[in-house]
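Notebook open, a two-chain model on the screen. I'll jot down what I look up as I go.

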Amino acid sequence: MNPVQTGSFKSAADLSDPQREALAGVLLSLADNKRILGMRYGEWILGAPTLESGIACSAMAQDEWGHGRILYATLKDLGLDPGHLEHERPAGEYLSSELLDRPVPQWPDLLALNLLFDASLSVQVQALTDSRYEPIHYKTRKLLEEERFHFEHGRGWALRLSETEAGREALAQAFRKALVPSLRWFGRPDAEYGDLLHSSGIMLGTPDALRDRWLAQVIPVLAEAGLSELAAEAESGTELDWSDWNADRRRRGEGGPDAGTLARIRGDKNRSMLMD
Amino acid sequence: MGHLSGERLYEIFARQKREDRLEHIGTVSAPNPELARVYAWKTYDEATWFEMVVAPRDAFRAVNREEVPFTLHPAETA
């Protein structure tokens, strides 16, 4: 691996083609995942266990959609068309995690997205915040501030549910499903995007370094919530199985958001009302 | 205010500017301080707060109205 370079890239024009392509892939993946995650939060506004948690879901949904919008907009500088990306792609072109393909059935499943997967996205954003690519800086600070509360929401609920054995079991079951996808999401240790962006100082950390940061953030909460078995599984997660990994789309296999999800994230109904 | 078992009421205080006094701006019901912080921040987001703090209602000691601290009107005796 090349040593990390210093200095800064003032604009996309300063990047090489491979760097630009790799960075666009990271930003689009973040945008797509945040757009759909926002919808998943939004689906619990009326179904959350308490009024307060429903309000929190509503706020987190708005946050994620705002982050998605900002991230899609950054892609314009990298030569992509945000309008097309937001509204015209088929499911198979979304760079979204398999965790988000369809609505989650139970509250603990939403908490798994909230505490585990949302943290993956934030660790990735953090690695871009002090990036040598300056146009990203101003856009990610507020985003990370908002994300601190998302993580705290997941933590608070993990602690709450872990007070009873039934709650702890439901939590463990939901978290176990989301654990590996959240860890794999950073990509293979030798992922091409990782080497390109890390060695040029655009992303501060290799995929494995990002995974370690995620573990350092999440494992204490799993332990606090009495999920020590799961915490141990997470720590040994370096032995991840990559056999069905789709590196280009940072997800398991083919597939993508289901038809209902796709129509809503693209805003198909809204757009059918626009008249040119 | 009705609330679920295992939940406590938390009182929220905030100020918009450093030179402002902290004011009591509202209440949330939460099972722990972690969620009380999140709920307070996300529910009372109408201003850009310089500072916000929360404390469980039962941490307050009434000085004069000992039977009914923090009541907003006579009918409420939470």
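What is the mean pLDDT of chain B, and what percentage of its residues reach 70 or more? I get a mean of 86, with 83% of the residues of chain B at 70 or more; pLDDT is the predictor's confidence in each residue, from 0 to 100.

Housekeeping: this is a predicted model, so I note that local features need pLDDT of at least 70 and side-chain atom pairs count only at pLDDT 80 or more, while totals for chains, interfaces and linings use all residues. Residues are numbered from 1 along each chain as its sequence is written, with chains lettered from A and ligands numbered from 1 in the order in which they are written.

Chain A next. I count 11 helices and 2 strands there, taken as DSSP runs numbered from the N terminus (helices H or I, at least four residues; strands E, at least two). The radius of gyration of chain A, over C-alpha atoms, is 18 Å, close to the 19 Å of the globule rule for 276 residues, so chain A is as compact as a globular protein of that length. That rule is 2.2 Å times the number of residues to the power 0.38. The C-alpha trace of chain A spans about 55 × 55 × 35 Å along its principal axes.

Then the sheet in chain B. I find an open sheet of 3 strands in the order β2-β1-β3, with antiparallel pairing (two strands pair if DSSP finds at least two bridges between them). β2 and β3 of chain B sit at the edges with a single partner strand each, so one side of each has no neighbour in the sheet. Strand β1 (residues 8-15) of chain B and β2(B) pair over 7 bridges, and I looked up one partner: B:F13 bridges to B:H24 in β2(B).

Last, the interface. How many residues of chain B are in contact with chain A? I get 15 residues of chain B against 13 of chain A, a contact being two C-beta atoms, placed from the backbone, within 7 Å. On the chain B side, β2 (23-30) and α1 (33-43) each supply at least two residues, and the largest share, 8 residues, is from α1(B). That side divides into 8 nonpolar, 3 polar and 4 charged residues; Ala, Val, Leu, Ile, Met, Phe, Trp, Tyr, Cys and Pro count as nonpolar, Asp, Glu, Lys and Arg as charged, and the others, Gly among them, as polar.
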